[in-house]
Amino acid sequence: MELGAQMTTASPGDGTRFDGTRFAMIASGSDGNAAVLQSAETLLLIDAGVSYPRLVAGLARLGLVPQQLSAILLTHEHGDHVCGLAALLRRHRCPVATTRETRQGLGRRRDLRSQAAAEWIDLRPGQPSWVGGLEVLAFRTSHDARGPVGYRVEAKGARLAYATDTGHATPELLEAAAGCDLLALEANHCPDLLRHGPYPRRLKERVASDRGHLSNQQAAEVLGAAVSARLRAVLALHISKINNHPDLAMGALAAGLADAGSEARCLAVGRYGSGWIDCQTSGTHGRANEDGPKPHALGETGAGAASSGRSASR
Ligand SMILES: [Zn+2]
Ligand SMILES: [Zn+2]
(Lines give C-alpha, C1' and ligand atoms only; values in the text may rest on other atoms or scores of the structure.)
(Ligands and ions follow the chains in the order given, each with its own letter.)
Protein backbone atom coordinates (compact mmCIF):
# COMPACT_ATOMS: atom_id res chain seq x y z
CA MET A 1 0.00 0.00 0.00
CA GLU A 2 1.22 3.47 -0.77
CA LEU A 3 2.26 5.13 2.43
CA GLY A 4 0.51 8.38 1.60
CA ALA A 5 -2.77 6.52 1.56
CA GLN A 6 -2.33 5.71 5.23
CA MET A 7 -2.44 9.35 6.23
CA THR A 8 -5.42 10.52 8.15
CA THR A 9 -7.05 13.03 5.85
CA ALA A 10 -9.09 15.72 7.50
CA SER A 11 -9.80 19.34 6.88
CA PRO A 12 -8.55 21.94 9.31
CA GLY A 13 -10.62 21.97 12.45
CA ASP A 14 -12.04 18.48 12.02
CA GLY A 15 -10.14 17.20 15.02
CA THR A 16 -12.04 19.19 17.63
CA ARG A 17 -12.30 16.27 19.95
CA PHE A 18 -10.86 12.79 19.96
CA ASP A 19 -12.28 10.20 22.30
CA GLY A 20 -9.00 8.53 23.02
CA THR A 21 -5.44 9.76 23.25
CA ARG A 22 -3.29 10.26 20.19
CA PHE A 23 0.08 11.75 19.40
CA ALA A 24 1.76 13.13 16.30
CA MET A 25 4.99 14.87 15.40
CA ILE A 26 4.66 18.04 13.36
CA ALA A 27 8.42 18.16 12.79
CA SER A 28 11.52 16.54 14.22
CA GLY A 29 15.21 17.29 13.74
CA SER A 30 17.76 20.06 14.06
CA ASP A 31 15.71 22.42 11.89
CA GLY A 32 12.60 22.24 14.04
CA ASN A 33 10.75 20.23 16.65
CA ALA A 34 7.06 20.21 17.55
CA ALA A 35 4.61 17.52 18.62
CA VAL A 36 0.95 17.37 19.57
CA LEU A 37 -0.88 15.20 22.06
CA GLN A 38 -4.65 15.15 21.91
CA SER A 39 -6.90 13.60 24.53
CA ALA A 40 -10.62 14.42 24.50
CA GLU A 41 -10.85 18.21 24.45
CA THR A 42 -7.22 18.77 25.47
CA LEU A 43 -4.60 19.52 22.87
CA LEU A 44 -1.01 19.96 24.05
CA LEU A 45 1.77 21.25 21.86
CA ILE A 46 5.17 19.95 22.92
CA ASP A 47 7.86 22.39 21.74
CA ALA A 48 7.28 25.16 19.23
CA GLY A 49 10.40 24.96 17.10
CA VAL A 50 8.79 25.65 13.73
CA SER A 51 7.60 28.86 12.10
CA TYR A 52 3.97 29.84 12.52
CA PRO A 53 3.06 28.98 8.90
CA ARG A 54 4.76 25.61 9.27
CA LEU A 55 2.92 24.98 12.53
CA VAL A 56 -0.42 25.90 10.96
CA ALA A 57 0.27 23.61 8.01
CA GLY A 58 1.35 20.78 10.31
CA LEU A 59 -1.76 21.13 12.45
CA ALA A 60 -3.99 21.33 9.37
CA ARG A 61 -2.50 18.08 8.10
CA LEU A 62 -3.73 16.52 11.35
CA GLY A 63 -7.17 18.13 11.09
CA LEU A 64 -6.43 20.79 13.72
CA VAL A 65 -6.13 24.55 14.02
CA PRO A 66 -3.96 26.58 16.47
CA GLN A 67 -7.05 27.92 18.27
CA GLN A 68 -7.56 24.41 19.66
CA LEU A 69 -4.28 24.41 21.60
CA SER A 70 -4.86 24.07 25.34
CA ALA A 71 -1.25 24.64 26.42
CA ILE A 72 2.34 24.47 25.24
CA LEU A 73 5.05 22.38 26.93
CA LEU A 74 8.66 23.34 26.26
CA THR A 75 11.63 21.01 26.73
CA HIS A 76 14.33 23.73 26.62
CA GLU A 77 15.13 27.11 25.14
CA HIS A 78 17.17 26.14 22.06
CA GLY A 79 15.91 27.69 18.85
CA ASP A 80 14.97 24.41 17.18
CA HIS A 81 12.43 23.93 20.02
CA VAL A 82 11.12 27.48 20.57
CA CYS A 83 11.71 29.56 17.43
CA GLY A 84 7.99 29.67 16.62
CA LEU A 85 6.82 30.42 20.15
CA ALA A 86 6.67 34.22 19.97
CA ALA A 87 4.69 34.25 16.73
CA LEU A 88 2.32 31.63 18.12
CA LEU A 89 1.75 33.52 21.39
CA ARG A 90 1.14 36.77 19.53
CA ARG A 91 -1.85 35.10 17.92
CA HIS A 92 -2.94 32.61 20.59
CA ARG A 93 -2.09 33.41 24.17
CA CYS A 94 -2.37 29.90 25.53
CA PRO A 95 -0.48 28.89 28.69
CA VAL A 96 3.16 27.85 28.43
CA ALA A 97 4.49 25.26 30.85
CA THR A 98 8.18 24.62 31.36
CA THR A 99 10.87 24.81 34.03
CA ARG A 100 11.66 28.16 35.59
CA GLU A 101 15.20 27.94 34.20
CA THR A 102 13.91 27.48 30.67
CA ARG A 103 11.53 30.39 31.09
CA GLN A 104 14.43 32.52 32.26
CA GLY A 105 16.49 31.35 29.31
CA LEU A 106 13.68 32.37 26.98
CA GLY A 107 13.74 35.85 28.47
CA ARG A 108 17.00 36.40 26.61
CA ARG A 109 15.20 36.05 23.31
CA ARG A 110 14.24 39.50 22.11
CA ASP A 111 11.15 38.22 20.28
CA LEU A 112 9.73 36.85 23.53
CA ARG A 113 10.26 39.86 25.80
CA SER A 114 6.94 41.34 24.77
CA GLN A 115 5.19 38.13 25.77
CA ALA A 116 5.53 38.75 29.50
CA ALA A 117 1.77 38.74 29.96
CA ALA A 118 1.33 35.23 28.57
CA GLU A 119 0.48 32.73 31.27
CA TRP A 120 3.54 30.81 32.34
CA ILE A 121 3.37 27.64 34.43
CA ASP A 122 6.59 26.77 36.23
CA LEU A 123 7.07 23.03 36.33
CA ARG A 124 9.30 21.36 38.87
CA PRO A 125 11.06 18.29 37.57
CA GLY A 126 9.89 15.20 39.37
CA GLN A 127 6.62 16.77 40.53
CA PRO A 128 3.50 15.95 38.53
CA SER A 129 1.35 18.94 37.52
CA TRP A 130 -1.96 19.41 35.77
CA VAL A 131 -1.63 21.11 32.42
CA GLY A 132 -4.69 21.48 30.22
CA GLY A 133 -6.45 18.85 32.31
CA LEU A 134 -3.73 16.22 31.83
CA GLU A 135 -1.18 14.99 34.35
CA VAL A 136 2.25 16.07 33.19
CA LEU A 137 5.55 15.06 34.74
CA ALA A 138 8.65 16.97 33.71
CA PHE A 139 11.82 14.94 34.17
CA ARG A 140 15.41 16.11 33.93
CA THR A 141 17.43 15.50 30.82
CA SER A 142 21.14 16.26 30.33
CA HIS A 143 21.72 18.94 27.71
CA ASP A 144 23.61 22.20 27.32
CA ALA A 145 20.56 24.29 28.13
CA ARG A 146 19.44 25.93 31.39
CA GLY A 147 16.88 23.51 32.76
CA PRO A 148 16.13 20.93 30.08
CA VAL A 149 13.42 18.37 30.64
CA GLY A 150 11.47 15.64 28.92
CA TYR A 151 7.81 14.92 29.61
CA ARG A 152 5.65 12.06 30.67
CA VAL A 153 1.95 12.63 30.15
CA GLU A 154 -0.90 10.55 31.53
CA ALA A 155 -4.10 10.88 29.57
CA LYS A 156 -7.21 8.75 29.84
CA GLY A 157 -5.24 5.72 30.93
CA ALA A 158 -2.58 6.17 28.24
CA ARG A 159 0.97 7.07 29.15
CA LEU A 160 3.44 8.72 26.82
CA ALA A 161 7.05 9.78 27.34
CA TYR A 162 8.82 12.36 25.18
CA ALA A 163 12.58 12.73 25.54
CA THR A 164 14.85 14.53 23.15
CA ASP A 165 18.08 16.54 23.37
CA THR A 166 19.87 14.67 26.11
CA GLY A 167 23.50 13.57 26.25
CA HIS A 168 22.70 10.50 28.25
CA ALA A 169 19.66 8.71 29.57
CA THR A 170 19.20 10.26 32.99
CA PRO A 171 17.80 8.08 35.78
CA GLU A 172 14.70 10.28 35.68
CA LEU A 173 14.27 9.58 31.96
CA LEU A 174 14.59 5.83 32.51
CA GLU A 175 12.03 6.00 35.28
CA ALA A 176 9.62 8.08 33.21
CA ALA A 177 9.93 5.80 30.20
CA ALA A 178 8.97 2.71 32.19
CA GLY A 179 5.45 1.49 31.63
CA CYS A 180 4.65 3.83 28.72
CA ASP A 181 2.35 2.97 25.84
CA LEU A 182 4.25 5.26 23.50
CA LEU A 183 7.86 6.39 23.71
CA ALA A 184 9.07 9.30 21.59
CA LEU A 185 12.84 9.20 21.99
CA GLU A 186 15.83 10.95 20.47
CA ALA A 187 18.13 8.80 18.32
CA ASN A 188 20.34 11.61 17.07
CA HIS A 189 23.53 10.20 15.68
CA CYS A 190 25.65 7.24 14.77
CA PRO A 191 28.96 7.69 16.63
CA ASP A 192 30.98 6.46 13.62
CA LEU A 193 29.29 8.84 11.20
CA LEU A 194 29.74 11.69 13.67
CA ARG A 195 33.41 10.88 14.21
CA HIS A 196 34.22 10.71 10.50
CA GLY A 197 31.75 13.37 9.38
CA PRO A 198 32.23 17.02 8.40
CA TYR A 199 31.39 18.73 11.72
CA PRO A 200 34.16 20.81 13.32
CA ARG A 201 35.88 19.04 16.18
CA ARG A 202 34.26 21.17 18.88
CA LEU A 203 30.80 20.53 17.52
CA LYS A 204 31.48 16.80 17.34
CA GLU A 205 32.57 16.89 20.96
CA ARG A 206 29.45 18.82 21.95
CA VAL A 207 27.07 16.41 20.21
CA ALA A 208 28.78 13.34 21.68
CA SER A 209 29.17 14.85 25.15
CA ASP A 210 27.19 14.05 28.25
CA ARG A 211 25.16 17.23 27.65
CA GLY A 212 24.70 16.74 23.92
CA HIS A 213 22.48 14.28 22.11
CA LEU A 214 21.63 10.58 22.40
CA SER A 215 23.27 8.24 19.93
CA ASN A 216 21.33 5.41 18.34
CA GLN A 217 22.90 2.94 20.73
CA GLN A 218 22.18 5.06 23.78
CA ALA A 219 18.56 5.31 22.66
CA ALA A 220 18.39 1.55 22.25
CA GLU A 221 19.68 1.10 25.78
CA VAL A 222 16.73 3.12 27.10
CA LEU A 223 14.44 0.42 25.79
CA GLY A 224 15.69 -2.02 28.41
CA ALA A 225 13.95 0.20 30.98
CA ALA A 226 11.02 1.23 28.80
CA VAL A 227 9.80 -2.11 27.56
CA SER A 228 6.75 -3.53 29.26
CA ALA A 229 3.68 -5.34 28.04
CA ARG A 230 2.15 -1.87 27.53
CA LEU A 231 4.75 -0.52 25.12
CA ARG A 232 3.26 -0.39 21.63
CA ALA A 233 5.35 2.07 19.66
CA VAL A 234 8.69 3.83 19.74
CA LEU A 235 9.36 6.93 17.67
CA ALA A 236 12.94 7.84 16.79
CA LEU A 237 13.33 11.63 16.98
CA HIS A 238 15.89 14.35 16.21
CA ILE A 239 17.68 12.11 13.70
CA SER A 240 20.68 14.00 12.30
CA LYS A 241 20.69 14.37 8.53
CA ILE A 242 24.50 14.51 8.52
CA ASN A 243 25.54 12.11 11.25
CA ASN A 244 22.84 9.50 11.03
CA HIS A 245 20.36 7.79 8.76
CA PRO A 246 16.81 6.70 9.61
CA ASP A 247 17.78 3.10 8.77
CA LEU A 248 20.50 3.17 11.41
CA ALA A 249 18.27 4.74 14.08
CA MET A 250 15.47 2.30 13.35
CA GLY A 251 17.86 -0.63 13.26
CA ALA A 252 19.32 0.18 16.65
CA LEU A 253 15.91 0.66 18.24
CA ALA A 254 14.51 -2.47 16.62
CA ALA A 255 17.47 -4.43 17.97
CA GLY A 256 16.89 -2.93 21.42
CA LEU A 257 13.23 -3.91 21.29
CA ALA A 258 14.09 -7.42 20.15
CA ASP A 259 16.67 -7.78 22.94
CA ALA A 260 14.01 -6.78 25.44
CA GLY A 261 11.51 -9.22 23.93
CA SER A 262 9.15 -6.47 22.76
CA GLU A 263 7.04 -6.47 19.63
CA ALA A 264 6.48 -2.72 19.77
CA ARG A 265 6.64 -0.89 16.47
CA CYS A 266 9.38 1.56 15.46
CA LEU A 267 8.90 4.69 13.44
CA ALA A 268 11.62 7.09 12.32
CA VAL A 269 10.36 10.66 12.27
CA GLY A 270 11.94 13.38 10.17
CA ARG A 271 11.37 17.02 9.35
CA TYR A 272 7.90 16.41 7.93
CA GLY A 273 6.63 14.77 11.09
CA SER A 274 4.28 11.83 11.40
CA GLY A 275 0.61 11.06 11.14
CA TRP A 276 -1.49 10.36 14.22
CA ILE A 277 -0.45 7.49 16.44
CA ASP A 278 -3.12 6.17 18.73
CA CYS A 279 -1.61 5.92 22.20
CA GLN A 280 -3.90 3.17 23.37
CA THR A 281 -3.71 0.82 20.42
CA SER A 282 -0.73 2.46 18.71
CA GLY A 283 -2.04 1.75 15.27
CA THR A 284 0.10 4.00 13.10
CA HIS A 285 -1.99 5.93 10.67
CA GLY A 286 0.77 8.05 9.25
CA ARG A 287 4.12 8.26 7.71
CA ALA A 288 7.37 9.64 8.90
CA ASN A 289 9.25 11.51 6.25
CA GLU A 290 12.89 12.37 6.27
CA ASP A 291 13.40 13.58 2.74
CA GLY A 292 10.42 15.62 1.72
CA PRO A 293 6.97 15.12 0.32
CA LYS A 294 7.87 11.77 -1.19
CA PRO A 295 7.17 9.33 1.65
CA HIS A 296 10.29 7.74 3.03
CA ALA A 297 10.31 3.97 3.02
CA LEU A 298 10.73 4.03 6.77
CA GLY A 299 7.25 5.39 7.18
CA GLU A 300 6.25 1.75 6.91
CA THR A 301 6.33 0.39 10.40
CA GLY A 302 6.67 -3.11 11.65
CA ALA A 303 9.09 -5.96 11.51
CA GLY A 304 10.06 -5.62 7.84
CA ALA A 305 11.51 -2.15 8.05
CA ALA A 306 12.88 -2.79 11.49
CA SER A 307 14.82 -5.91 10.64
CA SER A 308 16.37 -4.43 7.51
CA GLY A 309 17.44 -1.47 9.60
CA ARG A 310 18.91 -3.74 12.20
CA SER A 311 21.23 -5.44 9.76
CA ALA A 312 22.28 -2.07 8.38
CA SER A 313 23.35 -0.94 11.81
CA ARG A 314 25.89 -3.66 12.30
ZN1 LIG B 1 18.85 21.45 22.24
ZN1 LIG C 1 17.11 20.11 19.47
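This is a predicted model: local features need pLDDT of at least 70, side-chain atom pairs count only at pLDDT 80 or more; totals for chains, interfaces and linings use all residues.
E2 covers residues 34–40 and E3 covers residues 42–46, and the two run antiparallel, paired over five bridges. You can trace individual partners across the pair: alanine 35 is bridged to isoleucine 46 in E3, and leucine 37 is bridged to leucine 44 in E3.

Now look at the other neighbour of E2. Strand E1 also pairs with E2 in the antiparallel sense, here over seven bridges. One of the partners to look for is phenylalanine 18, which is bridged to alanine 40 in E2. E1 and E2 form a hairpin too, with six residues between them, and in its turn glycine 29 has a positive phi of about 135°. What holds such neighbours together? Strands of a sheet pair through backbone hydrogen bonds, and they can do so in a parallel or an antiparallel way.

Let's step back to the whole sheet. Seven strands make up an open sheet with mixed pairing, and their order is E6-E5-E4-E3-E2-E1-E14. Strand E6 (120–122) and strand E14 (277–278) are at the edges with a single partner strand each, so one side of each has no neighbour in the sheet. Helix H1, residues 52–61, packs on this sheet and touches E1 (18–27) and E2; the direction of H1 makes about 140° with that of E1.

Finally, return to E2. Is this strand largely enclosed or largely open? Six of the seven residues of E2 are buried, so the rest of the structure largely encloses E2.

Key. Residues are numbered from 1 along each chain as its sequence is written. Chains are lettered from A and ligands numbered from 1 in the order in which they are written. Two strands pair if DSSP finds at least two bridges between them. Helices (H or I, at least four residues) and strands (E, at least two) are DSSP runs, numbered from the N terminus. Two residues are in contact if their C-beta atoms, placed from the backbone, lie within 7 Å. Axes are lines fitted to C-alpha atoms, for helices over the stretch in contact, and angles run from 0 to 180 degrees between N-to-C directions. A residue is buried if 20 or more other C-beta atoms lie within 10 Å of its own, exposed if 12 or fewer, and partly exposed in between; C-beta atoms are placed from the backbone.
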